[in-house]
Amino acid sequence: MTDQYAIFGNPVGHSKSPIIHAAFARQTGQDICYKAILAPLDGFNDAVHAFVAAGGRGANVTVPFKQEACALVTRLTPRAELAGAANTLLFEGNEVIGDNTDGVGLLRDITLNLRYPIKGKRVLLLGAGGASRGVVGPLLEEGLKSLTIANRTVSKAKVISEHFAHLGPVTACGYDELAGRSFDIVINATSASLYASMPLLPDGIFAPGSLAYEMMYGQGDGPFRIFAKNQGASLISEGLGMLVEQAAESFFIWRGVRPEGFPVMALLQKA
Ligand code: ATR
């Protein structure tokens, strides 16, 4: 039987992961089947266990289950444990191993694909959910000048900044407190993009030469990217590279083969 993989989310209809993993499988000659599964908001656990019982070998986890996924595993990799969020599950016998490839995917895309240096930069991260948690550790390990986490619910940003404080200069605030400050890299990790919305941000947050990065790929000309363009960001990424790179890392975890990201990015751009 073909090895079964899936992405669990809610919503999940927007997900490009089935197309990406099918392309990786063709590229590397691996025989896998990968589908999207809409899990009920209160039924993530049951949905995953049903998939495992039916022979599932691995899974990706997206909004809003990345933190819940940590409660379901028997073991977390150190990077998933630090993030407190898992986007990749590997089912091995009775074990469910949780990993997090978001940080690696984001960093590979910014530094290798976009060739934008991160070291010494002032970075603003919007949002304090599972998507943010996955990238804070890897970002700080790059040696930033500062990392500011801004969120609508400030207490959630504070919890994350305290959790990661030992790794580097990280602080938390609300969106209104960003007035009068500017940043070299602004990353949108809120799920507002999935609903064609964005946080209310003050003018002037994009420093000259800055990079605006949308982590939720596939939202057309989303409001965050329009805002970044109007506010003078120099480089604007729709997050396609991160999507493909985090998927490549998941594929590597499951199959032991690392696919090439670029041809798959080109395929998605054409589609
Ligand atoms: P994910 O796992 O994808 O990060 P999540 O844990 O549900 O999903 O987190 C969603 C994030 O998007 C949160 O930071 C949320 O802000 P709150 O913590 O204040 O809820 C943010 N978010 C979602 N919709 C938003 C909106 N319309 N405006 C601003 N922030 C929003």
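Me: On a 1 Å grid over the protein atoms alone, a pocket is an open set of points with protein on both sides within 12 Å along at least five of seven lines, and its lining residues have an atom within 4 Å of a point. Which residues line the second largest pocket nearest its centre?

Reply: Happy to start there, with one note: this is a predicted model, where local features need pLDDT of at least 70 and side-chain atom pairs count only at pLDDT 80 or more, while totals for chains, interfaces and linings use all residues. Residues are numbered from 1 along each chain as its sequence is written, and side-chain values use heavy atoms, with hydrogens and water left out. The second largest pocket has 13 lining residues, and R79, G134, G137, P138 and E141 lie nearest its centre. Two or more residues each come from α4 (78-83), α5 (102-113) and α6 (130-141); helices (H or I, at least four residues) and strands (E, at least two) are DSSP runs numbered from the N terminus. With five residues, α6 gives the largest share. The space amounts to about 160 Å³, a volume being what is filled by probe spheres set on the points, which are joined across faces, edges and corners.

Me: How do you know where the second largest pocket lies relative to the domains?

Reply: Look at who lines it: domain 1 (3-100 + 242-270) and domain 2 (103-238) both contribute residues, so the second largest pocket lies between them. The bounds come from an automatic or database domain assignment.

Me: And where does the largest pocket lie, and why?

Reply: The reasoning carries over: both domains give residues to its lining, so the largest pocket also lies between domain 1 and domain 2. About 520 Å³ of space lies in the largest pocket. It has 25 lining residues, with N151, R152, T190, S191 and A192 nearest its centre. Twelve would be the tally to check first: the lining has 12 nonpolar, 10 polar and three charged residues, where Ala, Val, Leu, Ile, Met, Phe, Trp, Tyr, Cys and Pro count as nonpolar, Asp, Glu, Lys and Arg as charged, and the others, Gly among them, as polar.

Me: Why is a space called a cavity rather than a pocket?

Reply: In a cavity a 1.4 Å probe fits but cannot get out, whereas a pocket is open. The structure holds two cavities of 30 Å³ or more, and about 370 Å³ lies in the largest cavity. Its lining has 22 residues, with T62, K66, M215, L243 and Q246 nearest the centre. Both β3 (56-61) and α9 (240-255) give two or more residues, and α9 gives the most, three. Each of domain 1 and domain 2 supplies at least three lining residues.

Me: What makes the peptide bond between N10 and P11 worth a look?

Reply: That bond is cis, with omega about 5 degrees. Most peptide bonds are trans. P11 lies in the loop between β1 (3-9) and α1 (17-28). Another cis bond joins V63 and P64, with omega about -5 degrees; P64 is in the loop between β3 and α3 (68-72).
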